[in-house]
Amino acid sequence: MRKRAAFALLSAVAALAGYAAPGAYAGETQTDVQISNVSFDGGKNIVVGLYAKTVTVSGTFTHPSGIQDADFVLWRGPDGANPYETYDDRIVSNQYYSHADCVASSATTSTCSQTISLEPDWKYGGTALTNAHAGTWKVSVQGVANDDSWTQAASYTTTRLQRESKLTVNAGPEPTAGGKTLTVTGKLTRADWDNLDYRGYTNQPVKLQFRKAGTTTYATIKTVYTSSTGNLTTTATASEDGYWRWNFAGTSTTPAVKATGDFVDVQ
């Protein structure tokens, strides 16, 4: 990266922190390089379990002189809330930062991409993911042209970082007679990055659904809230052969999840 490019990047980071920097201020966008098609992991939310997950962020950058370099930064909090530091593939002061690789598709346009490794189980110093990191993050994008002109957008878009969820179901007794009462249980858990295990998700609405054998569509029977340990339990009437499942719609910090249907034979 040339001296001007490095200065532009540091200016952008300083601007995010609320510090005055020549040519770049929080939220200001320089207009020399055109940026488009920025996408994290194909446009999906970033869902992380108990182990490191690597995602790819990419974008298209265009300038008459060609593209020299690009950078993507995940950050959050109001401008000036914390000092912002740059540290490759590490979360530092509510910022996640690493460098991009650019491949030219023409003399004026490049596709730039970088990988970001998010690590709940990082044991080698620095800052690992914690539960507090789940939620919405802003995306700062910068492109630097070969003539050292540049564009920096502090809040180009947003993405969500979520704790992986799991959902189980068990319906019984089985087989059972028509008209008898079934007990349907299950458990909703999500990744706990502080303790590196899966723990119950408390007081969440989860739909109990039924699909008649030979059909493809589930119908919602009722909504049940999880207990303090994430457990689910309710009763329903067995009327015909079919599959029972729980369906959780998700939250901003936790993705939606559906249990695999449990078949009950009604005789």
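Visitor: Leaving aside its neighbours within four places in sequence, which residues is L161 in contact with?

Guide: Contact here means heavy atoms within 4.5 Å. Once the neighbours within four places in sequence are left aside, L161 is in contact with I46, V48, L118, L129, H133, A134, G135, W137, W193 and T253. Please keep in mind that this is a predicted model, in which local features need pLDDT of at least 70 and side-chain atom pairs count only at pLDDT 80 or more, while totals for chains, interfaces and linings use all residues. Residues are numbered from 1 along each chain as its sequence is written, and side-chain values use heavy atoms, with hydrogens and water left out.

Visitor: Which residues touch the most other members of the largest nonpolar core?

Guide: In soluble globular proteins, nonpolar side chains tend to be buried together. A nonpolar core is a set of buried Ala, Val, Leu, Ile, Met, Phe, Trp, Tyr and Cys residues joined through side-chain atoms within 4.5 Å, and buried means under 20% relative accessible area, exposed over 50%, and partly exposed in between, with a 1.4 Å probe and protein chains only. The largest core here has 27 residues, and F61, L118 and L161 are the ones that touch the most other members. Two or more residues of this core come from each of the elements β1, β2 (46–48), β3, β4 (67–75), β8 and β9 (135–145). A second, separate core holds 21 residues, including V169, L182, W244 and V264.

Visitor: How many helices and strands does the chain have?

Guide: Helices (H or I, at least four residues) and strands (E, at least two) are DSSP runs, numbered from the N terminus. By that reading the chain has one helix and 19 strands, and 46% of its 267 residues count as buried.

Visitor: What is the order of the strands in the open sheet of four?

Guide: Strands of a sheet pair through backbone hydrogen bonds, either parallel or antiparallel, and two strands are taken to pair if DSSP finds at least two bridges between them. In this open sheet the order is β1-β3-β8-β7, with antiparallel pairing; β1 (34–40) and β7 (101–104) are the edge strands, each pairing on one side only. Strand β3 (residues 53–62) and strand β8 (residues 109–118) are joined by 10 bridges in the antiparallel sense, and F61 has S110 in β8 as its bridge partner.

Visitor: Where is the disulfide?

Guide: A disulfide is a pair of cysteine sulfur atoms within 2.5 Å, and a search of the whole structure finds one. The pair is C102 and C112, with sulfur atoms 2.1 Å apart, and it links distant parts of the chain, from C102 in strand β7 to C112 in strand β8, 10 residues apart. C102 counts as partly exposed because its relative accessibility is 28%, whereas C112 is buried at 0%.

Visitor: Is T254 buried or exposed?

Guide: T254 counts as buried, because its relative accessibility is 0%, and its place is in the loop between β17 (242–248) and β18 (257–258). A polar contact is a pair of N or O atoms within 3.5 Å; within protein, one must be able to donate a hydrogen and the other to accept it, and residues adjacent in sequence count only if both atoms are side-chain atoms. The side chain of T254 makes such a contact with the side chain of R190 at 2.8 Å and with that of T253 at 3.4 Å.
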